[in-house]
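Subject: A structure for you to look at

Hi,

Here is the structure I promised to pass on. Have a look around it before you read any further.

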Amino acid sequence: MPFSDYKTAFVTGASGGMGRAIAERLAAEGLSVHAAARGESGLKELAASSSNIVPHKIDVTDTRALEQLLGGIEVDVLVNNAGVSRKGNILNSDAFDIDEQIDVNLKAAMHCARLTLPGMVARDRGHIVNISSIAGRYEFGGHTAYHATKAAVHTLSRQLRVDAYGHRVRVTEICPGRVQTDIFSRVEHISPEEARKQFFDGYEIPTVGDIADAVAYAIGTPACVNIGILEIMPTMQVPGGLQTMRAGAAD
């Protein structure tokens, strides 16, 4: 659907990384972008970049605050981007690790959809973009709660299409692999410089701008086209893989 058919977007996790790039791209396309995040300084910098961006300092796990905010906004494009990840599998995760990832990665996305989809259906136009991860589709070691929540976002994306059936509301799931963002420094508890050396230097890695381009592509297609899912990975990255352990090797 041409961007001219939409007026307003709501982007979560917009103070940095992919969320910021997406908010800036949608604002450049002429949308009024309501940018939500916990990081106040990042929001101020984002708002200063465009007169089309309206910042909102909010914790997306605060459902009442979301209800109050979204109750006053007619959202045409929802981008569920806010996400967190914690190191560790189910053997060494604590209660906070699990609860935080469920609350941010899944619960908040569901509530944002609950609060915006009815208006899209009533207006017979709208687009929901869920930023998930290849971790929701492929299993690899560690980060069990993250895998589980992103797999749930994949299912949510499919189900929202069913819920909006019969109306011109589109749903797109963006599944990034490794992207140059600050999530690695936060997850690994290392400096941005160390994260760059460990995860980016020497690799050919997509940028947050590449993810924003993918979001813009999905939104900008004709109204009769729904881009259901896009996997975006470095050319030199492959998901999955077959590993077999000899008996007793884990001991």
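This is a predicted model: local features need pLDDT of at least 70, side-chain atom pairs count only at pLDDT 80 or more; totals for chains, interfaces and linings use all residues.

**Helix against helix**

If you're new to this, two packed helices are described by the angle between their axes and the distance between the axes.

Start with H4 (95–123) and H5 (144–163). Their axes are 9 Å apart and the angle is about 10 degrees. That makes H4 roughly parallel to H5, since angles under 35 degrees get that name. The two helices cross in a right-handed way. On the H4 side, the residues in contact include Ile 98, Ile 102, Leu 106, Ala 109 and Leu 117. On the H5 side you'll find, among them, Tyr 146, Thr 149, Val 153, Leu 156 and Leu 160. Sorted by class, the residues of this contact are 13 nonpolar, 3 polar and 2 charged.

H4 also packs against H3, which covers residues 63–70. Here the angle is about 30 degrees, and the axes lie 10 Å apart. H3 and H4 are therefore roughly parallel to each other, and their crossing is right-handed. Thr 63, Leu 66, Glu 67 and Leu 70 are the H3 residues in this contact. They meet a set of H4 residues that includes Lys 107, His 111, Cys 112 and Leu 115. This contact splits into 5 nonpolar, 3 polar and 3 charged residues.

Now for H1 (residues 17–28) and H8 (residues 208–220). Are H1 and H8 roughly parallel or oblique to each other? Their axes are 8 Å apart, at an angle of about 45 degrees, and H1 and H8 are therefore oblique. H1 passes H8 in a right-handed crossing. H1 brings Gly 17, Met 18, Ala 21, Ile 22, Arg 25 and Leu 26 to the contact, while H8 brings residues including Val 208, Ile 211, Asp 213, Val 215 and Ile 219. The tally for the contact of H1 with H8 is 10 nonpolar, 2 polar and 2 charged.

How many cavities of 30 Å³ or more does the structure hold? There is 1, and the volume of the largest cavity is about 60 Å³. H4 and H5 turn up again here, as each supplies at least two residues of the lining. The largest share comes from H4, with 5 residues. Look for Val 104, Asn 105, Ala 108, Ala 109 and Cys 112 among the lining residues, along with Lys 150 and Val 153. Thr 12, Asn 80, Asn 81, Ala 82 and Ile 131 line the cavity too. By class, the lining has 7 nonpolar, 4 polar and 1 charged residue.

**An open space**

Finally, the largest pocket holds about 1,300 Å³ of space. It is lined by 50 residues, and the closest to its centre are Ser 85, Tyr 146, Thr 181, Ile 183 and Val 187. Which elements give two or more residues to this lining? They are H1, strand S2 (32–37), H4, H5 and helix H6 (183–188). H6 gives the most, with 5 residues. The pocket lining divides into 23 nonpolar, 17 polar and 10 charged residues.

Cheers

Notes
Residues are numbered from 1 along each chain as its sequence is written. Side-chain values use heavy atoms; hydrogens and water are left out. On a 1 Å grid over the protein atoms alone, a cavity is a set of points where a 1.4 Å probe fits but cannot get out, and a pocket is an open set with protein on both sides within 12 Å along at least five of seven lines; lining residues have an atom within 4 Å of a point. Grid points are joined across faces, edges and corners, and a volume is the space filled by probe spheres set on the points. Helices (H or I, at least four residues) and strands (E, at least two) are DSSP runs, numbered from the N terminus. Ala, Val, Leu, Ile, Met, Phe, Trp, Tyr, Cys and Pro count as nonpolar, Asp, Glu, Lys and Arg as charged, and the others, Gly among them, as polar. Axes are lines fitted to C-alpha atoms, for helices over the stretch in contact, and angles run from 0 to 180 degrees between N-to-C directions. Angles under 35 degrees count as roughly parallel, over 145 as roughly antiparallel, 65 to 115 as roughly perpendicular and the rest as oblique. A crossing is left-handed if the near helix is turned anticlockwise from the far one by less than a right angle, and right-handed if clockwise. Contact means heavy atoms within 4.5 Å.
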